[in-house]
Amino acid sequence: MNKQESMQKAEAAMLHVYNRFPVVFERGEGVHLYDTDGKEYLDFASGIGVMAFGYHDAEYNQALKDQIDCLTHTSNLYYHPPMIAAAEKVCRVSGMDRVFFTNSGAEAVEGALKTAKKYAYLRDGFAGHEIIAMEHSFHGRTVGALSVTGTDHYREPFLPLMDGVRFAQFNDLDSVKAQVTDRTCAIILETIQGEGGLYPARAEFLQGVRTLCDEQDILLILDEIQCGMGRSGAMFAWQNYGVKPDIMTCAKALGAGVPVGAFVMTEHVAEHSLAPGDHGTTYGGNPLVCAAVAKTIDMMESRRITDHVASLTPYLEQVLDRFVQQYEFVRGRRGMGLMQGLELDASVAVGTVVSNALTQGLVILSAGGNVLRFLPPLVITQEDIDDMATRLEAVFSEIIS
Ligand SMILES: *Cc1c(COP(=O)(O)O)cnc(C)c1O
């Protein structure tokens, strides 16, 4: 089947909720993807921050193959060894205490919101609590997660969403304080806003929110779904700030290629929130995905991924800053670690750049606010960054010519 036929068949049978790029990926090797025509692409998107180790990693793949031959599903009515290994490792690397595995990021957010509501319900003896979320945030597409997502065009057709959500400005502590009421039970934010345009939390802001939460017994939920798992140069981005959440959400690179998420909390929150009967999932944390989580954390440690990210980041920043200097339409760079963005001015549509980059064999992403988003596999090297720069240079010089 040729590419056109493949695309037509997909469009005939699948719900049209994505304007997909005209490429049919067939396989991956290291930091490269190959389409059905055999064309090679350098991957600086990692499937939206999922493929931390790139593609076809022998150690990772073998762990999954072994688990498939052993056991893939039991339901959550029983224990299984990968669940125990994965839970223990997530708690150890986060310094948090209790984890619930989900099938996606959005579900992790749902669980975090339920946890916060139950915590406040038990404390106060009544329901009806409020959550503060941030403008330009992104927490997922399910109704609860959408309720705390501060982007109107995602929300509007689905109103009314979950009640009791107030929005504040990210990186503006006063605007958060202004939304606090005696019913506030949680503040949810991304440590580094991803979809919203690659905005890291400022240290004073995050520390201020933490203090505010401590003073008023409000739970701090940090969404680490995109910025977590080594991408910032620490295992979790909040570990760069000396600020610890009460609840953290995790997904994307948590299983480095299988659908798994988690919400993780402190012992104090766990003891005073969800109890048997309050929450569940049939698939969540099944043996296959837990084997992937356990292997992912093992490999992040044995390969010193956070050190690698931290030491490579200045080079990536330098290369991206060169584009800022060189091209007038590139307004600036933002981000942390291997989660970086170049903001383009209105004269150049980021969608066009992403599309032209694919033609040049470079897979990159966009983000809100006309931002070109770089989320490479965490195992990239300086040579890969140079290669990316060469391919992007070709795209940019075409634009100005
Ligand atoms: C991707 C993302 C989500 C949603 O995850 P899904 O697995 O797509 O449901 C939530 N929060 C953040 C910060 C994300 O980047």
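The structure is a predicted model, in which local features need pLDDT of at least 70 and side-chain atom pairs count only at pLDDT 80 or more, while totals for chains, interfaces and linings use all residues. Residues are numbered from 1 along each chain as its sequence is written, and side-chain values use heavy atoms, with hydrogens and water left out.

The chain was assigned two stretches as domain 1 (3-57 + 304-400) and one as domain 2 (71-302), with bounds that come from an automatic or database domain assignment. The domain centres, taken over C-alpha atoms, are separated by 27 Å. Where the domains meet, 28 residues of domain 1 are in contact (heavy atoms within 4.5 Å) with 29 residues of domain 2. About 2300 Å² is buried between domain 1 and domain 2, and carbon and sulfur atoms give 65% of this; buried area is the accessible area (1.4 Å probe) that two parts lose on being put together, summed over both. On the domain 1 side, Phe 53, Met 336 and Met 339 supply 29% of the area buried against domain 2, more than any other three residues.

One salt bridge is found across this interface, the term meaning a side-chain nitrogen of Lys or Arg within 4 Å of a carboxyl oxygen of Asp or Glu. Arg 373 also deserves a look: its salt bridge with Glu 195 has the closest N and O atoms 3.0 Å apart.

Turning to the ligand, the residues around it (a heavy atom within 4 Å) include Ser 104, His 139, Glu 190 and Gln 226. This shell divides into three nonpolar, five polar and three charged residues. A ligand nitrogen is 2.7 Å from an N or O atom in the side chain of Asp 223, and a ligand oxygen lies 2.6 Å from a polar side-chain atom of Lys 252.

Terms used: Polar contact = N/O pair within 3.5 Å; in protein donor to acceptor, adjacent residues only side chain to side chain. Nonpolar A, V, L, I, M, F, W, Y, C, P; charged D, E, K, R; others polar.
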